[in-house]
Amino acid sequence: MHYPTPKPTPVVELKNIYKFHYTSTVETTALGDMSLTVAPGEFLAIMGPSGSGKSTLLNVIGMIDAPTRGSYYFQGKDVLSLSRRARSELRKLNMGFIFQSFNLIDQLTARENIELPLVYLKVPVKERNRRVDAALAELEMTHRADHYPRQLSGGQQQRIAIARAIIANPTLILADEPTGNLDSSNSKAVMEKLRYFHQKGATIIMVTHAKEDAAYAEKTIELFDGTLLIKEKDYLAS
Ligand code: ADP
């Protein structure tokens, strides 16, 4: 007898999400009725013109910003019913962030920047060192371990930021225009690293303006005025 394989619990499930921003004079609908499901191991790219809601969507998924309406399940957990503290715990344990401007801490060396999430998670020193060494090697940055961010090129800083994002084995990696400040050869190197971690099983959601970057993803959605314009597009095929 054959039983159907049960569908894995989605990493991210957004249902009918709305986000309004208010200023004294206008109400902006940053997200309007957004529904989105991201399965374990998926690599999703989010594209769309400036102001279309990409950052808002990434901030909602990253639990940095709460939607005005709708529901959000992270690995089946009802995120919006959690306390602020429980939500922040869930984020720390499960998410790694990569930003356009790298966001490394200037006063810490590359090694110390990478180590930081493990310090927050109270991982013992010996295990921390072992994992940081392994991450430095994976990102081909061992030779720059004791450099400070200002002593590194943009591409090298982003590789350190990727190491920091993956060091705690997050369920989900969120990348906000990871190549936005890089030239084309460094962009390629950074995208190759994201591909490598995706092939190792990471789930990745990436906002990008670059079609070359979106081509690394399995799936691309396009936003316009806070709604999904194109549900799915394979940029490899276009
Ligand atoms: P994108 O990342 O695609 O450029 P955003 O998510 O930043 O788009 O913005 C979506 C819309 O929401 C835009 O019209 C923007 O002006 C508006 N918006 C974003 N953040 C705020 C805010 N904090 N206050 C008011 N309006 C905002």
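**Close-up 1. The charged end of K193 sits over the ring of Y196, 6.0 Å from its centre.** Here a charge sits over a ring if NZ of Lys or CZ of Arg is within 6 Å of the ring centre and within 35 degrees of the ring normal. The model is predicted, so local features need pLDDT of at least 70 and side-chain atom pairs count only at pLDDT 80 or more, while totals for chains, interfaces and linings use all residues. Residues are numbered from 1 along each chain as its sequence is written, and side-chain values use heavy atoms, with hydrogens and water left out.

**Close-up 2. The structure holds four aromatic pairs.** Rings of Phe, Tyr and Trp (its six-membered ring) pair if their centres lie within 6.5 Å, and planes under 30 degrees apart count as stacked, over 60 as edge-to-face and the rest as tilted. Y18 and F20 make a tilted pair, 6.0 Å centre to centre with 40° between the planes, whereas Y196 and F197 pair edge-to-face at 4.9 Å and 75°. Ring pairs also link Y18, F20 and Y22 into a cluster, and the charged end of R69 sits over the ring of Y18, 4.3 Å from its centre.

**Close-up 3. The ligand is surrounded by residues that include H21, T28, K54 and T56.** The shell around the ligand divides into two nonpolar, eight polar and one charged residue, where Ala, Val, Leu, Ile, Met, Phe, Trp, Tyr, Cys and Pro count as nonpolar, Asp, Glu, Lys and Arg as charged, and the others, Gly among them, as polar.

Methods: Near = heavy atom within 4 Å.
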